[in-house]
Amino acid sequence: MNVSVAAPTARLALQVRGLVQGVGLRPWIWRLAHEHGLAGWVRNDGDGVAIEVQGPAPALALFRAALAVPPPLARLDAIEAQTLAPLAGSGGFAILDSGRGPVRTGIGADTAVCADCLAETFDPAGRRWRYPFTTCTHCGPRYTIAARLPWDRPNTALAGFALCASCREEYENPADRRFHAEALACPACGPRLRLQRPEGSRAEVDGDPLAATLALFRAGGIVAVKGLGGFHLMCDARNANAVAGLRRRKRRPGKPFALLAANPASLAGLVSTDAPARALLESPQRPIVLLPAPAADAHLPGIAPGLDRLGVMLPATPLQYLLFHEAAGRPAGSDWLRAAQSALFVCTSANPSGEPLAIDDAEACTRLAGIADAVLGHDRAILQRVDDSVLLARTGKPLFLRRARGWTPQEIRLPVAGPPVLALGGELKNTVCVTRADRAWLSQHLGDLGSAAARRALADTVAHLLAVLDIRPERVACDLHPDSAAAHFAGEYAARHDLPLIPVQHHHAHLAAVLAEHGHTGAVLGLVLDGFGLGHDGTLWGGEWLSKEGQRLGRLAPMRLPGGDAAAREPWRMAASALHALGRAADIPARLPQPAARTVAAMLAKGLHCPPTSSCGRLFDAAAGLLGVCAVNTYEGEAAIRLEAAARRHGPVEALAGCWRSFEDGTLDLLPLLANLADETGPGRGAARFHATLAAALAAHSLRLAARHRLDTVALAGGCCANLLLVGDLRARLEAAGLRVLEACELPPNDGGLALGQAWVAMGGDDA
């Protein structure tokens, strides 16, 4: 439609809020205004995007209706309109420089290279032929290169790269898809690749960096490759010696590695995919997706030892695509990916065990010496380290295990507004959360806080998140346990800024995170199945039924933790605890061939250093230890993961009758189930029986407590809720009984979502 604006009849001021900067919204609005013959302007500001537009009323109505369907990366939460007096003689529509003021908008997450940019990258006649940094307003880095808002080039990692004439023309042309694409670059003016040796000299490797990288892969080498939010350690996934070497160098004996594949066809015969799984793999977020792989050990030995799932992802950057192009021999034509389908790379976070992800080339050369044979980096800085997101494919919405690249810093809408809060999360799988009014922002996954480097990364992330969102907290929240690194940081921050510090019980925070995500402010029965956290009574909790306010309504019967924290690392100790509780202490040395078995038996007999816990996670450990599925965890949660895999391999069984006891005080005792497992001769059958019986027991006890407290909604939370076998059965039983079930969907059920729950409690959300 083309309507004359010579005699404007109406003028509007529009304020667009949501995810609206760095997503191509302004040039889209410019084109929309021209299409409808309207005059005015558009610009970024602290609230989002501001528009003034005028013209005939019918054209304005069409313009406003079209705003409801924005570009694919944009999300419009609100459009506020104000009628203004028309301006005489106004003509044309312009894109103005960004306005200033307090920031009340967000910034987009990093997304994978789009189809248009990918086509340009592999067009031999184009000026971006095989350029590793091809991007536009519809794709590429956002959060990882942003120093501050508004989203303008001087506020990004590209500030030091002056645009060449050709790029400048694209950047300044509102009709071009690269209009104000802040990461815009080309071979003439943008960042460049470099392959370096990590020995400390940083001397560049001679020759083409991509060709040299592929030569290293083919020779069984390991290369640290720079991604959107940090480096990956990569090698040929089909080379068992290379995979074993990576495990040895990284000191990662059993934890599964993720795989990078050229496209879904590359995964045929390795994993089972359906349409939703393929859509998730190919989504702009490009997460690692855990998919069924019944013969993983046979096809790819050493990738995921003892498991029946593989974590796979597709390329997110032109550089990753170029590695496959190189592996295929640099074929011409638009369907070159077909020739690259046989290539498969291990792609795991580039960090020494327990430390943060490496993001700087020089840092990678230093920290990864002894792990990587070379470092494939470049001179575009990463301003925020952001690891890969990890999701578990399932019926309905996928389950987050790690929420990071592609989703950070996507905001979360809260059901009520409150004062701004900074919440520091937990000691493991740490994330932090900040809130403003009825919005919350969860940081990327930061991991465990056991090292000094990890604690520095925590401080850097807090500073960056508060700065980029321009938030000044009025309250600080943390875990109830005073000795965690996150709680120490929270206390110091609160004292330094004279703010109230609000400790939140660990499992109350787990429950609150689910309630905040779903906007549920009514009464609820919370079932929190977790590792452990400090309870209000000073004991270690982990299998609790809670009210919305965190009051304990029920619990799993406590078990002893021989050796305290050591029992979480060594499931055989929990098996010993179960045998002791069953009156079979004499069986401990014979059943458990560990050097410390007799010592542990003596500790249990005397009650020395054996604190009680209601932890569901330790119940899984006891079952895994009794069945011989896992004696020692080489990574967090290994016993439970291997136990679930064993149960899936065996197949469904009926729950064992009479293998639990419910008591009037709200306690659920599962010792009879462990007694059955102690005599089980088939590990797979025992694992299946454990899952089925535990689900039946939890459901029966939940129904009893829900009836007692007149509740019709159950919220499932905590790290054990990542177990699809358990939760699927439990959910089905609860829903069949007429209860509404809430689960984590937009956040991980594990400690990765803890900070949101802390923030929600500190805001007073559990009193809403």
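At what angle do helix α18 and helix α20 pack, and how far apart are their axes? This is a predicted model, in which local features need pLDDT of at least 70 and side-chain atom pairs count only at pLDDT 80 or more, while totals for chains, interfaces and linings use all residues. Residues are numbered from 1 along each chain as its sequence is written, and side-chain values use heavy atoms, with hydrogens and water left out.

Helix α18 (residues 616-627) and helix α20 (residues 671-678) pack at about 20°, and their axes are 9 Å apart. Axes here are lines fitted to C-alpha atoms, for helices over the stretch in contact, with angles running from 0 to 180 degrees between N-to-C directions. The two helices, α18 and α20, are therefore roughly parallel (angles under 35 degrees count as roughly parallel, over 145 as roughly antiparallel, 65 to 115 as roughly perpendicular and the rest as oblique). On the α18 side, the contact is made by Leu 619, Ala 622, Ala 623, Leu 626 and Leu 627, and on the α20 side by Leu 674, Leu 677 and Ala 678; contact means heavy atoms within 4.5 Å. By class, the residues of this α18 and α20 contact are eight nonpolar, no polar and no charged (Ala, Val, Leu, Ile, Met, Phe, Trp, Tyr, Cys and Pro count as nonpolar, Asp, Glu, Lys and Arg as charged, and the others, Gly among them, as polar).

Next comes another helix pair. The axes of helix α19 (residues 638-650) and helix α21 (residues 683-708) come within 7 Å and cross at roughly 105°, so α19 and α21 are roughly perpendicular to each other. Their contact has six nonpolar, three polar and two charged residues.

Stepping back, the protein chain has 23 helices and 29 strands; these are DSSP runs numbered from the N terminus, helices being H or I of at least four residues and strands E of at least two. Of its 768 residues, 61% count as buried (buried means under 20% relative accessible area, exposed over 50%, partly exposed in between, with a 1.4 Å probe and protein chains only).

A few backbone details stand out too. Most residues other than glycine have a negative phi, and most peptide bonds are trans. Arg 286, not a glycine, has a positive phi of about 50°, and is buried at 9% relative accessible area. His 609 also has a positive phi, near 50°, but counts as exposed at 56% relative accessibility. The peptide bond from Thr 408 to Pro 409 is cis, with omega near 5°.
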